[in-house]
Amino acid sequence: MVEPVLKLFASNIAVGILFVDGESARFFVQRGTRNEEVASLGCRRRAATRKGGQSAERFQRQRKNDVKGWKAQINGKAAEVFAGVKIVVVCGNGPLYTSC
């Protein structure tokens with residue numbers, strides 16, 4: 001399962017790598033054995049609300065909108081950075097990277 005990916009790194013094909021977690025996104029371009037970080041993004045999202053009350057739903061909506069904006073920002077930057085790259089590998093932790 002890993003062999004096709006290793007063949008890409010052995011040749012000089014440009015491969016874009018995007019690492020995404022809840023607070024940052026880092027963009028790399030790998031050519032052969034050379035790895036170069038070409039961009040990075042950071043965000044400050046609101047923490048999840050733990051207590052109830054009238055404002056809890058409003059804070060939850062605001063947090064969801066923050067996450068949507070963060071995803072849109074990552075997608076826009078990825079389109080800009082990886083414009084000439086045919087293969088992009090997206091990885092990270094949590095459910096955020098699966099929906100980007």
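Trainee: Among contacts in the protein between residues at least 6 apart in sequence, what percentage join residues at least 24 apart?

Mentor: The share is 48%, where contact means heavy atoms within 4.5 Å. This is a predicted model, in which local features need pLDDT of at least 70 and side-chain atom pairs count only at pLDDT 80 or more, while totals for chains, interfaces and linings use all residues. Residues are numbered from 1 along each chain as its sequence is written, and side-chain values use heavy atoms, with hydrogens and water left out.

Trainee: Which pattern does the protein follow along the sequence?

Mentor: The order is α-β-β-β-α-β, from two helices and four strands. Helices (H or I, at least four residues) and strands (E, at least two) are DSSP runs, numbered from the N terminus.

Trainee: What makes phenylalanine 28 buried or exposed?

Mentor: Buried means under 20% relative accessible area, exposed over 50%, and partly exposed in between, with a 1.4 Å probe and protein chains only. Phenylalanine 28 has 10%, so it is buried. Phenylalanine 19, at 40%, is partly exposed.

Trainee: Why is the pair of phenylalanine 19 and phenylalanine 28 called edge-to-face?

Mentor: Rings of Phe, Tyr and Trp (its six-membered ring) pair if their centres lie within 6.5 Å; planes under 30 degrees apart count as stacked, over 60 as edge-to-face and the rest as tilted. Here the centres are 5.6 Å apart and the planes make 80 degrees, so the pair is edge-to-face.

Trainee: Which residues touch the most other members of the largest nonpolar core?

Mentor: Of its 14 residues, these are Leu18, Ala25, Phe27, Leu41, Trp70, Ile74 and Phe82. Strands S1 (14–20), S2 (24–31) and S3 (34–42) and helix H2 (56–81) each supply at least two residues of this core. A nonpolar core is a set of buried Ala, Val, Leu, Ile, Met, Phe, Trp, Tyr and Cys residues joined through side-chain atoms within 4.5 Å.

Trainee: What covers the buried residues of H2?

Mentor: The cover includes S1, S2 and S3. The buried residues in H2 are Ala56, Val67, Trp70, Ile74 and Ala78.

Trainee: How do you know that arginine 26 forms a salt bridge with glutamate 37?

Mentor: A salt bridge is a side-chain nitrogen of Lys or Arg within 4 Å of a carboxyl oxygen of Asp or Glu. The closest N and O atoms of arginine 26 and glutamate 37 are 3.2 Å apart, so the pair qualifies. The pair links distant parts of the chain, with arginine 26 in strand S2 and glutamate 37 in strand S3, 11 residues apart. Arginine 26, at 39% relative accessible area, is partly exposed, and glutamate 37, at 37%, is partly exposed too.

Trainee: How many salt bridges does this rule give?

Mentor: The count comes to three. One of them joins glutamate 80 and lysine 77 at 3.6 Å, N to O. Both residues lie in helix H2, three residues apart, about one turn of the helix.

Trainee: What makes glutamate 80 buried, partly exposed or exposed?

Mentor: Glutamate 80 has 55% relative accessibility, so it counts as exposed. Lysine 77, at 23%, is partly exposed.
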